Amino acid sequence: MPDVLQISPLDIQCFCNYLVGTAKDKGSADCAVLFCKVCVADLHINCRFYQFCRGMAFLAFAWGIFMKRFMTIALAASCGFFFACASAPKGADSASAATGAEANGDWDLVSFEKDGEKISVATATLSLTDNGDGSYAVSGFSGVNNYSGSLTVSGNNIAFAPNLASTRMAGPQDAMEFEAAYLELLGNADTLSVTDSELSLSGGKTVARFAKKALEGSAWKLTGANTGNAVVSQSGNITLAFNDGKAAVFTGINTGNFDYALDEKARALSFADGPLTMRAGTEEEMKAQQLFLENIFKTVSYSLTGDRLTFYNADGTTLLNFVKQ
């Protein structure tokens with residue numbers, strides 16, 4: 001129990017109103033009023049005194065009428081201290097849960113510092129998914145390759161599992177150098193902090209800052225669609241944009257606006273049928289439009305990796321692939 005806690009004036013006032021209203025005689029009421037004035041004047045309450053007052057409340061009962069007045073004060077003090085202690089700031093366990101919940105989601109790297117020096121940032125992303133057991137699935141894009149793994153979070157402290165899995169593609173020299181530094185940070189990171197829209201990872205003298213990804217305000221071009229047997233590349237000009245709570249679609253022939261329901265933390269996404277123009281196109285365009293519409297209304301979840309957006313059905317099967325415009 002901390003030595004000193006801050007009691008809300010409202011807590012004291014509510015309790016003292018009760019004491020004054022239920023006092024059996026004027027003397028007891030006066031004592032209660034005096035206690036209120038003292039507490040409101042100096043709200044820093046010593047919790048060790050709380051234990052003393054609990055004991056004094058029992059003695060007051062035993063000593064009779066004279067001590068009843070003292071008991072009124074002791075009882076008020078005891079309950080006030082109880083309220084104060086119960087409302088004290090929560091500890092690391094609560095902070096841990098809050099941090100994990102806030103970190104859950106998709107993030108874009110916006111700045112990277114190593115040894116106090118800012119390094120030019122390549123496209124890199126971080127996705128965290130709460131496993132519900134104190135660990136988080138990790139995935140993302142590190143500048144050239146995709147990576148995946150896991151980490152545990154305890155308050156602001158984190159630990160990535162060793163040896164993150166990564167694809168083995170080669171890229172430009174500067175992108176490869178950045179990727180090496182980025183993956184090194186993920187291996188050494190020991191601190192995570194989250195604000196409303198920013199996540200920071202740090203380890204040693206390296207700090208990476210990320211901005212929260214959002215579908216709202218983004219635009220995408222279709223690159224692949226599930227035919228029922230496989231995801232087939234799409235070369236047409238089918239696009240999807242999220243603006244003002246509506247999904248604006250262009251099927252390569254027709255335009256429309258669909259309502260959508262989005263839960264970014266759970267990565268849940270679904271679409272409702274909406275108005276669509278009825279122009280005709282070539283046979284190939286009409287087939288591509290039909291395939292797109294069939295799949296978009298089966299969507300229940302999505303993933304964001306780098307500049308790629310993927311829709312999935314309830315079984316986790318890929319339905320549609322997009323690239324950011």
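Let's start inside the protein: the second largest cavity holds about 40 Å³ of space. The model you are looking at is a predicted one, and a search of the whole structure turns up two cavities of 30 Å³ or more.

Now step back to the whole chain. You will find seven helices and 21 strands in it. Of its 325 residues, 39% are buried. If you take the contacts in the chain with a separation of 6 or more, 54% of them are between residues 24 or more positions apart.

Which residues of H6 are buried? They are Ala175, Phe178, Glu179, Ala181, Tyr182, Leu185 and Leu186. Looking down the axis of H6, you would see these buried residues fall within an arc of 165 degrees, so they line one face of the helix. On the face of H6 turned away from the buried side sit the exposed residues Gln173, Glu177 and Gly187.

Gly143 touches both Ala175 and Glu179, along with Ala122 and Thr123, when residues up to four places away in sequence are not counted. You can find Gly143 in the loop between strand E6 (135-141) and strand E7 (146-154). Is Gly143 buried or exposed? With a relative accessible area of 17%, Gly143 is buried, because the cut-off for buried is under 20%. The C-alpha atoms of Gly143 and Thr125 are separated by 8.4 Å, although these residues are 18 residues apart along the chain.

Follow the chain on from H6 and you come to Asp190, in the loop between H6 and strand E10 (191-194). Asp190 has 38% relative accessibility and so counts as partly exposed. Its side chain makes a polar contact of 3.1 Å with the side chain of Thr191. Leaving aside neighbours within four places in sequence, Asp190 is in contact with Asn156, Asn157, Ile158, Ser202 and Gly203. There is also a C-alpha distance to look at: Asp190 and Val153 are 37 residues apart along the chain, and their C-alpha atoms are separated by 9.4 Å.

Our last stop is Asn295, which belongs to helix H7 (residues 283-296). How is the side chain of this buried asparagine placed? Asn295 has a relative accessible area of 3% and is buried, and its side chain reaches the backbone oxygen of Leu291 at 3.0 Å. Beyond its neighbours within four places in sequence, Asn295 is in contact with Ala225, Asn226, Leu319 and Leu320.

Methods:
Residues numbered from 1 in each chain as written. Predicted model: local features only at pLDDT ≥ 70, side-chain atom pairs only at ≥ 80, totals over all residues. Heavy atoms only, no water. Buried < 20%, exposed > 50% of the residue type's maximum accessible area, 1.4 Å probe, protein only. Helix = DSSP H or I, 4+ residues; strand = E, 2+ residues; numbered from the N terminus. Arc of directions from axis to C-beta. Polar contact = N/O pair within 3.5 Å; in protein donor to acceptor, adjacent residues only side chain to side chain. Contact = heavy atoms within 4.5 Å. 1 Å grid on protein atoms, 1.4 Å probe; cavity = no way out; pocket = protein on both sides within 12 Å on 5 of 7 lines; lining within 4 Å. Points joined across faces, edges and corners; volume = space filled by probe spheres on them.
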